[in-house]
Amino acid sequence: ELQAAGELAAASSFYTRAVEMEPNNTAVLDDFAQLLLDCEQPQSAIALLARSIELAPDESHGKFMNMAQLLQGADALECFRKGIQLMRRDLQKAEAAGQAASEAALSLRKQLAVGLSSTAELFMTDLCFEENAEAECVAILGEAMQIDPAEPQVLLVHAQLLLVQQKEEEAVASLIKSHDLWKDLEDEAKWPSFHVQKTSAKLMFETGQTERAVQIFENMTLVNKDDSETWYLLGLSYVRAGEEWKRDAAESFKTAQQVRAGSPLGAIRLVLTVVDPGECAGGGEAKGALEQVQEALAALGPVPDEDQDEEMAD
């Protein structure tokens, strides 16, 4: 209840006591790990997930999927495959019991499609140099699309694959279809994960869908005001949107500066993976976050204040 109400610090204290009382309770370990992930404490979450996996290696697919997101390369792939194996097993049990159409089975089927798409994405990133990486990606993603062709993350990864294959027009169509499935949902709980939203917005930016990129980044800053990269990328999107958005761009860059300067996470870096060379100073180089924002502000030039805008309008 504390976690659902947003009282994360109080919830963390509760789970700490619960783990001290029941150190081998895998349900508590898994729930605490999820809370720590929500609080952006991945290393502590890894320790809890590793303990849970050690205690019950054939239970709860969720811990394997969470662990996979925290690992890289072959280690991540191993966790994804284990989680998918457990989901397949549980689906088979549901079907054997005549519960294939139950709410739990439908939810599990959706999670399986998401897990497969995440595995496919891995073959476009960490494992892209593996032999037959593209073929693996195509096959895994194909299964995901068969299971749930209307899942936003599946369509997003499909768009990524099409971009890798240099099929930009088809990629944009898949990207827009993915976004349309959730962009008008009032219940934020039904939105895809923060990672999926950010990836969608970045790809919208990269493919020239600036209005959609702005919409996603703006919504993300409303939900999470403490992510400096989102503010920075929102600023870049405003720059691309045109001169009339110049002040909004400057405000976004300044907010990114303030958030980054006050962040306890010293390792955060902004990497320009989707910015055209010359669009802002620094091009596609990876630099320290504050330096990137400062250069973007410098490249923006003078920003008129509101009084000047009103005079021009008159």
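This is a predicted model: local features need pLDDT of at least 70, side-chain atom pairs count only at pLDDT 80 or more; totals for chains, interfaces and linings use all residues.

Trainee: How many residues does the largest nonpolar core have?

Mentor: The largest nonpolar core has 46 residues, and Phe32, Phe123 and Leu141 have the most contacts inside it. A nonpolar core here is a set of buried Ala, Val, Leu, Ile, Met, Phe, Trp, Tyr and Cys residues joined through side-chain atoms within 4.5 Å. Buried means under 20% relative accessible area, exposed means over 50%, and partly exposed lies in between, with a 1.4 Å probe and protein chains only.

Trainee: What does Leu141 touch?

Mentor: Not counting residues up to four places away in sequence, Leu141 touches Ser117, Ala120, Val154, Val157, His158 and Leu161. Contact is defined as heavy atoms within 4.5 Å.

Trainee: Moving on to helix 2, which of its residues are buried?

Mentor: Thr26, Val28, Leu29, Asp30, Phe32, Ala33, Leu35 and Leu36 are buried in that helix. Helix 2 covers residues 26–38, and its 13 residues reach 18 Å from the first C-alpha to the last, close to the 18 Å expected at 1.5 Å a residue. The expected span is 1.5 Å times one less than the number of residues.

Trainee: What is found at the start of helix 2, and what just after?

Mentor: At the start, a side-chain oxygen of Asn25 comes to within 3.1 Å of the backbone nitrogen of Ala27. Just after helix 2, Glu40 has a positive phi of about 60 degrees.

Trainee: And helix 11, what do its buried residues pack against?

Mentor: They pack against helix 9 (168–180), helix 10 and helix 12. Those buried in helix 11 are Thr210, Arg212, Ala213, Val214, Ile216, Phe217, Met220 and Thr221.

Trainee: Is Gln153 buried or exposed?

Mentor: Gln153 counts as buried, at 10% relative accessibility, and its place is in helix 8 (residues 152–164). Leaving aside neighbours within four places in sequence, Gln153 is in contact with Val114, Ser117, Ser118 and Val196.

Trainee: How many salt bridges does the structure hold?

Mentor: It holds 13 salt bridges, each being a side-chain nitrogen of Lys or Arg within 4 Å of a carboxyl oxygen of Asp or Glu. Asp58 forms one with Lys82, their closest N and O atoms being 2.7 Å apart. That pair links distant parts of the chain, 24 residues apart: Asp58 is in the loop between helix 3 (42–55) and helix 4 (61–70), and Lys82 is in helix 5 (residues 73–96).

Trainee: Where do Lys198 and Glu229 lie?

Mentor: Their side chains meet in a salt bridge of 2.9 Å, N to O. Lys198 lies in helix 10 (residues 194–206) and Glu229 in helix 12 (residues 228–241), so the pair ties together parts that are 31 residues apart in sequence. Lys198 is buried at 12% relative accessible area, and Glu229 is buried at 15%. Lys198, Lys202, Asp227 and Glu229 are linked in a network of salt bridges.

Trainee: Finally, how many disulfides does a search of the whole structure find?

Mentor: The search finds zero disulfides, a disulfide being a pair of cysteine sulfur atoms within 2.5 Å. Cys128 is partly exposed, with a relative accessible area of 34%, whereas Cys137 is buried, at 1%.

Technical notes: Residues are numbered from 1 along each chain as its sequence is written. Side-chain values use heavy atoms; hydrogens and water are left out. Helices (H or I, at least four residues) and strands (E, at least two) are DSSP runs, numbered from the N terminus. A polar contact is a pair of N or O atoms within 3.5 Å; within protein, one must be able to donate a hydrogen and the other to accept it, and residues adjacent in sequence count only if both atoms are side-chain atoms.
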